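Subject: Structure handover

Hello,

Please find the structure below, with the sequence. My notes come after it.

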Amino acid sequence: MDKDKKSVLEARKISKVYGKKANRFVALKDIDLKIERGESVAIIGKSGSGKTTLMHILALLDSPTTGEMVVGGEKSTKLKKAKLGRLRNREFGFVFQQFFMNPNDSVLNNVMLPLKIAGISAREQKRRAMEALKAVELEEKAKNKANDLSGGQKQRVCIARALVNNPKVIFADEPTGNLDSQTGDKVEKLLSKLNKEQGITLVVVTHDEDLARRCNRQIYLKDGQIIRDERKKKTGGAR
Amino acid sequence: MKFFDVLKMANANLLRNKVRAGLTILAIFVGSFTIILNSGINYGVNRYVDSQLEAAGGEGYLEIMKMESMSDMIQMGGMGSGGPTEYDPDGGSGVQPITEDDLQIIRETPGIIAESVRVFRMVNVEYIQSLENDKRFNLSISQWPSDTLNVAMASGRMVDNNSEEFQIVLAPEFAEALGYTEESVVGETVVLAVALLPATRPVQVKRVEATVVGVQQQSMVGMGRSFVNEALNDALYDASLSALPEELRPDTNFFAMAEYDTSMSEEEVQAMRDRLSEHGLQAMSIRDQVGMMMTFFDAITIVLMIFGGIALLAASIGIVNTLFMAVQERTREIGLMKAMGLSSGKIFLMFSTEAILLGFWGSVVGIGLAFVARGVGNHLAAQTFLSGLPGFTLIEFNPTMLVVITLVIMAIAFVAGTAPARRAAKQDPIDALRYE
């Protein structure tokens, strides 16, 4: 099978420049990157290396200064804003270090948010949200206030929220950054389980070597450039 | 995103900061309550006046005064803006007596029923007295103007202008004062006394006996006057002048009465009025007279409504403030929802809905408390200044009006919400997610 056909995300000669003249700062420089379906990719680098910017561009949240993104065979620069939004809503899931939940709302409502945005019927919203909560083993917390959960539980709710739309790709920005090692471990296992069992492509931004090792591909970033791109022999094989 | 979900989220977001939302709603309530209550009073009064006018009839009845224009009537009261008018010995401004020539012009005006035209002689009665005792009471009378008018009767019937008998219909409070009941006074004879001209001290009077044919009910059109028929009015008028030689008798006929053909079209009625106007004869129907009063009342209502509007304006600044704070607080949430694919339009809709909801609740609270005020206000009014006017509910709500007011307030709230909603919609998801 042709490799290009399998790639879900492709970055072509992407650069990102902030500021002008004296304040000019190059965050990303000529990045070429293909992410294949079912891969789990860790983007590793120190803070300021451009790893979060890269993830934002890959997730179509941000647009590159030069170069282009290709998603499912379509060039993102050709897509209109509304189409980009729909694409993110249907194909991508997001997990953030700071969770970004509505703390006063119920767990269920938080998980249903992407489905509400998609305009799905209330009944279906509930059914699929409960399914997603079951996948992260938190279905009994559905009615609880999001704020009453522990940090690890919160991040699992966020994973459920990322999962609820049956996305092709889940982007996780430092998913264990705010967790102690034990709960962090549980979240890591959950993410790699989703990758292996459901074939969801995983893109994780981290500076945590432990988390990076669980992925079958490690991309090391330094000063806006890829300095190393290591892949284990078989996709989805390791561990 | 479905609109119902937008609505639910907007409502939940409002409830997140109940105190803030509550205070904003309270500010809107001040304006909405003022406006709703005012419109309620205006509606109540107008409805009563309309029902009274309907009951009063008077279709085709006109009262005619001679003056250059309606504004002369205001100048007559010294309220004119043009300053003092120079004196003219022949009389050139203000209200002038109606002459026989004027009556002829009125009679010849197309549409006027010639035989209905007559002067309206004003007579001042010194007192009324029953034959049974010595008690005398001040009384104001009018000649019963026209059979086209109706006044509700408590007993008996209205005076008959075609009768030669001296007839009087009493205002409601006089039956008892004179020592009768409303029923027993009918058919009794009373004495009316008029002062003789020229005026002297003590007043010299001439007494005329009249038969009570009925007692009228308290009403707005009746205005507490007693009505006499033409024969009695003329007798009283002649009596008051009886001590003056013919040539000294003053010309005090300031009003004429006429009826017109009610089958005429509106244009024809206007043409008739215009023709009278050309000769300095200003015709007023009952509706015109009440209309002048109501214009004044409406003006007061409008001023109070404007105060309500100013309160709403202040409240809408409150909405802007509340929503800007909400946008600030929810920056990251907005970023997250945008990252998850929510369009800018929907974000705008969500915050706009929040603003509209504030307006909606503000006017609902206003309506609720206006209903409470209606209950209390009507109760108090009925016991005090409206006690003599049965069927007059001071505050009355028109459902259409309430809906319109609510919609207008919601529209104002929407406009107020556009600036914060636009700021929310314009946010870049990346910046919003990075926002601490």
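The notes below go through chain A and then chain B.

Please keep in mind that this is a predicted model.

Chain A, four-stranded sheet

One sheet of chain A is open and has four strands in the order S2-S1-S4-S5, with antiparallel pairing. Its edges are strand S2 (25–36) and strand S5 (74–75) of chain A, each of which pairs on one side only.

Going through the pairs, S1(A) and S2(A) run antiparallel and are joined by eight bridges. Within that pair, Ala11(A) is found opposite Leu33(A) of S2(A). The hairpin formed by S1(A) and S2(A) has six residues between its strands, and Gly19(A) there has a positive phi near 70°.

S1(A) also pairs with S4(A), again in the antiparallel sense, over five bridges. Here Leu9(A) faces Val71(A) of S4(A) across the pair. Strand S4 (residues 66–71) of chain A in turn is connected to S5(A) by two bridges, and these two strands run antiparallel. Val71(A) has Glu74(A) opposite to it in S5(A).

Chain A, six-stranded sheet

A further open sheet in chain A has six strands, ordered S6-S7-S8-S3-S9-S10, and its pairing is mixed. Strand S6 (92–96) and strand S10 (225–231) of chain A are at the edges with a single partner strand each, so one side of each has no neighbour in the sheet. From one strand to the next, the twist averages 15°.

Within this sheet, strand S3 (residues 40–44) and strand S8 (residues 201–206) of chain A run parallel and are joined by five bridges. Ser40(A) has Leu202(A) as its bridge partner in S8(A).

Two helices that pack on the sheet are worth looking at. Helix H3 (residues 81–91) of chain A touches S6 and strand S7 (169–173) of chain A, and its direction makes about 75° with that of S6(A). Helix H7 (residues 181–198) of chain A touches S3, S7 and S8 of chain A, and makes about 155° with the direction of S8(A).

Phe99(A) is not a glycine, yet has a positive phi of about 65°. Phe99(A) sits in the loop between S6 and helix H4 (107–118) of chain A.

Chain B, domains

Chain B is divided into domain 1 (3–54 + 292–434) and domain 2 (61–280). The C-alpha centres of these two domains of chain B are 51 Å apart.

Chain B, helix packing

Helix H10 (residues 344–383) of chain B packs with helix H9 (residues 331–339) of chain B at an angle of about 140°, and the axes lie 10 Å apart. That angle makes H9(B) oblique to H10(B). The crossing of H9(B) past H10(B) is right-handed. On the H9(B) side the residues are Ile334(B), Met337(B) and Lys338(B), which meet Ser344(B), Ile347(B), Met350(B) and Phe351(B) of H10(B). By class, the contact of H9(B) with H10(B) has five nonpolar, one polar and one charged residues.

H10(B) also packs with helix H1 (residues 3–16) of chain B, at an angle of about 65° and with the axes 9 Å apart. H1(B) passes H10(B) in a right-handed crossing. The residues of H1(B) in this contact include Phe3(B), Val6(B), Leu7(B) and Leu14(B), and those of H10(B) include Leu349(B), Met350(B), Leu357(B) and Trp361(B). Eleven nonpolar, three polar and one charged residues make up the contact of H1(B) with H10(B). Met350(B) is listed in the contact with H9(B) and in the contact with H1(B).

Pro202(B) has its place in the loop between S8 and S9 of chain B.

Regards

How values were computed. Residues are numbered from 1 along each chain as its sequence is written. Chains are lettered from A and ligands numbered from 1 in the order in which they are written. This is a predicted model: local features need pLDDT of at least 70, side-chain atom pairs count only at pLDDT 80 or more; totals for chains, interfaces and linings use all residues. Side-chain values use heavy atoms; hydrogens and water are left out. Domain bounds come from an automatic or database domain assignment. Two strands pair if DSSP finds at least two bridges between them. Axes are lines fitted to C-alpha atoms, for helices over the stretch in contact, and angles run from 0 to 180 degrees between N-to-C directions. Angles under 35 degrees count as roughly parallel, over 145 as roughly antiparallel, 65 to 115 as roughly perpendicular and the rest as oblique. A crossing is left-handed if the near helix is turned anticlockwise from the far one by less than a right angle, and right-handed if clockwise. Contact means heavy atoms within 4.5 Å. Ala, Val, Leu, Ile, Met, Phe, Trp, Tyr, Cys and Pro count as nonpolar, Asp, Glu, Lys and Arg as charged, and the others, Gly among them, as polar.
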